Amino acid sequence: MRGFKIVGLLVIVSSVFGCSDMTSSLVQVRNAWVREPPGGHPITGAYMEITNTSNAICEIIQVSSPKVGRVEIHQTKHDNGTMRMRKIDSLKLRPGEQIILQPGGLHLMLMDLADDLKAGDILMLLLHFSDGTKQQVESSVRKGTYE
Ligand SMILES: [Cu+2]
């Protein structure tokens with residue numbers, strides 16, 4: 001019993017520091033890209049691979065961008081042949097866990113785009129973590145197909 005209590009305490013202590021060790025971000029983001037909005041529509045999707053390289057649970061509670069009015073985290077559900085998107089509140093990553101945001105799955109929905117994004121552009125996205133830290137992600141705008 002005593003051993004369990006000690007382990008529990010360690011988990012609490014390490015989670016106080018959250019995703020950051022005060023020096024650098026401990027989430028690694030790769031292959032971040034944004035789909036070129038179809039025909040100038042002010043809405044599109046953003047995708048990336050996020051890996052929690054810290055030893056604490058990381059929770060992304062919000063994503064923002066200076067060029068985007070609103071960003072939502074969406075999960076795509078296949079429901080009797082229909083694709084439905086559901087807004088989720090946050091992305092939680094256990095230590096070492098990787099989450100892949102991809103077309104037809106988890107993704108970021110960029111709404112109220114300020115600019116006409118074109119393939120070749122770079123869009124800055126800011127990940128907001130539950131511990132108050134933020135991490136900037138450079139994503140490239142590419143042409144892509146919807147499935
Ligand atoms: Cu969506």
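Guide: Start with contacts: two residues are in contact if their C-beta atoms, placed from the backbone, lie within 7 Å. This is a predicted model. Among its contacts with a separation of 6 or more, 70% join residues 24 or more positions apart.

Visitor: What elements does the chain have?

Guide: One helix and ten strands.

Visitor: What makes a set of residues a nonpolar core?

Guide: Its members must be buried residues of types such as Ala, Val and Leu, joined through C-beta atoms within 7 Å. The largest such core here has 25 residues. Ala-46 and Leu-110 touch the most other members. Strands that give two or more residues to this core include E1 (27–35), E2 (43–52) and E8 (107–113).

Visitor: Which residues does Leu-110 touch, not counting those up to four places away in sequence?

Guide: Val-34, Ile-43, Thr-44, Ala-46, Val-68 and Val-71.

Visitor: Why are E9 and E10 called paired?

Guide: Pairing needs at least two bridges. E9 and E10 have seven, in the antiparallel sense, so they pair. One of the bridges links Leu-127 to Gln-135 in E10. The two strands form a hairpin with four residues between them. In the turn, Gly-132 has a positive phi of about 95°.

Visitor: How do you know that E1 pairs with E10?

Guide: Three bridges join E1 to E10 (residues 134–142). The cut-off is at least two, so this is a pair too. These strands run parallel. Trp-33 has Ser-140 as its bridge partner in E10.

Terms used
Residues numbered from 1 in each chain as written. Predicted model: local features only at pLDDT ≥ 70, side-chain atom pairs only at ≥ 80, totals over all residues. Buried ≥ 20, exposed ≤ 12 C-beta atoms within 10 Å, placed from the backbone.
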